[in-house]
Amino acid sequence: IVLLFVVIVLPTNGQEYNFGDYMYPFGCRTFLSLDSEGKTTAISQFSFTSQYFDNYLVEEIYIGIGMLSAKNIYQYNIEGNAVISNVQLRQNALTGSTQYQDKITLFAFPAKDKPYVWSETDRGDKISCKSEYVFVKFRNERTKAIKITKTTTYTINKVTHKHKEISYWVEGLGRIVTYASIDGGKKSISSRIST
């Protein structure tokens, strides 16, 4: 697969936040997704592009032997401590393209001394979110990271379920891994492929 990417430097808007060191630095990142049994389900690539005066984060999801399954395009801007998308174009090989105008936080810095908490709605799902500083063991070293937790509660056939997604972001590397689980069960994982 040959892909061309345009590197867009995220502005800081005069703030102390170094978004470019956390939001997919180097302009492109590839992630391998595994289900709870450890089987590969997809490969996702994130890149930046710009058109006219708008900036976009592009997510391409491949399944099988390099077949493009879905593509999500997030128009974004920086608001304070967060990278916010107010317009999303979601393209799926089976269902076609749909545009949404949800306010989705793609990344957020925590407050200096406490977590940053917010809520958002994505395609009708209400999501509780939190960004906080933590220390993780990464490459056999204790490393400071930003942990972003997004929890969605939904009901199917009168049974309430909770979907939780936890991602870890390291300065200079961006998002390194994301864990997802339903009702605290087995976790699926999306981890950064080293480049």
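Strands and helices are DSSP runs numbered from the N terminus, with strands (E) of at least two residues and helices (H or I) of at least four. Ser131 is placed in strand S9 by this assignment.

The structure is a predicted model, in which local features need pLDDT of at least 70 and side-chain atom pairs count only at pLDDT 80 or more, while totals for chains, interfaces and linings use all residues. Residues are numbered from 1 along each chain as its sequence is written, and side-chain values use heavy atoms, with hydrogens and water left out.

**Confidence**

The protein chain has an average pLDDT (the predictor's confidence in each residue, from 0 to 100) of 87, and 90% of the residues score at least 70. Over residues 1–14 pLDDT stays under 50, and the model has 28 contacts (heavy atoms within 4.5 Å) beyond four places in sequence for this segment. Where pLDDT is low, the predicted coordinates should not be read in detail.

**Ser131 and its surroundings**

Ser131 is buried (under 20% relative accessible area, against over 50% for exposed and partly exposed in between, with a 1.4 Å probe and protein chains only), at a relative accessible area of 0%. The side chain of Ser131 reaches the backbone oxygen of Ala108 at 2.6 Å. Beyond four places in sequence, the residues that Ser131 touches include Phe109, Pro110, Trp118 and Ile148.

**Nonpolar cores**

A nonpolar core is a set of buried Ala, Val, Leu, Ile, Met, Phe, Trp, Tyr and Cys residues joined through side-chain atoms within 4.5 Å. The largest one has 25 residues, and Met23, Tyr24, Leu57, Leu106, Phe107 and Trp169 touch the most other members. Strands that each supply at least two residues of this core include S2 (40–51), S4 (67–79) and S7 (104–108). The largest share, 4 residues, comes from S7. Leu106 is in contact with Met23, Leu57, Tyr74, Tyr76, Val83, Ser85 and Trp169, leaving aside neighbours within four places in sequence. Another core, of 10 residues, lies apart from it, with Val134, Val136, Phe138 and Leu173 among its members.

**Strand pairing**

Two strands pair if DSSP finds at least two bridges between them. S10 and S11 (residues 159–170) pair in the antiparallel sense over 11 bridges, and Thr151 stands opposite Lys164 in S11. The hairpin of S10 and S11 has 2 residues between the strands, and Asn157 in the turn has a positive phi of about 50°. S11 also pairs with S12 (residues 174–182) in the antiparallel sense, over 8 bridges; here Ile166 has Tyr179 as its bridge partner in S12. In the hairpin of S11 and S12, with 3 residues between the strands, Gly172 takes a positive phi near 85°.

**Aromatic pairs**

Rings of Phe, Tyr and Trp (its six-membered ring) pair if their centres lie within 6.5 Å; planes under 30 degrees apart count as stacked, over 60 as edge-to-face and the rest as tilted. The whole structure holds 11 aromatic pairs, two of which are tabulated.

| Ring pair | Centre distance | Plane angle and class |
|---|---|---|
| Phe48 and Tyr76 | 5.9 Å | 70°, edge-to-face |
| Tyr168 and Tyr179 | 6.4 Å | 80°, edge-to-face |

Phe48 lies in S2 and Tyr76 in S4, so their pair ties together parts 28 residues apart in sequence. Phe48 is buried at 2% relative accessible area, and Tyr76 is buried at 6%. Tyr168 is buried at 17%, whereas Tyr179 is partly exposed at 32%. Ring pairs also link Tyr17, Phe19, Tyr22, Phe107, Phe109 and Trp169 into a cluster.

Definitions and conventions
Polar contact = N/O pair within 3.5 Å; in protein donor to acceptor, adjacent residues only side chain to side chain.
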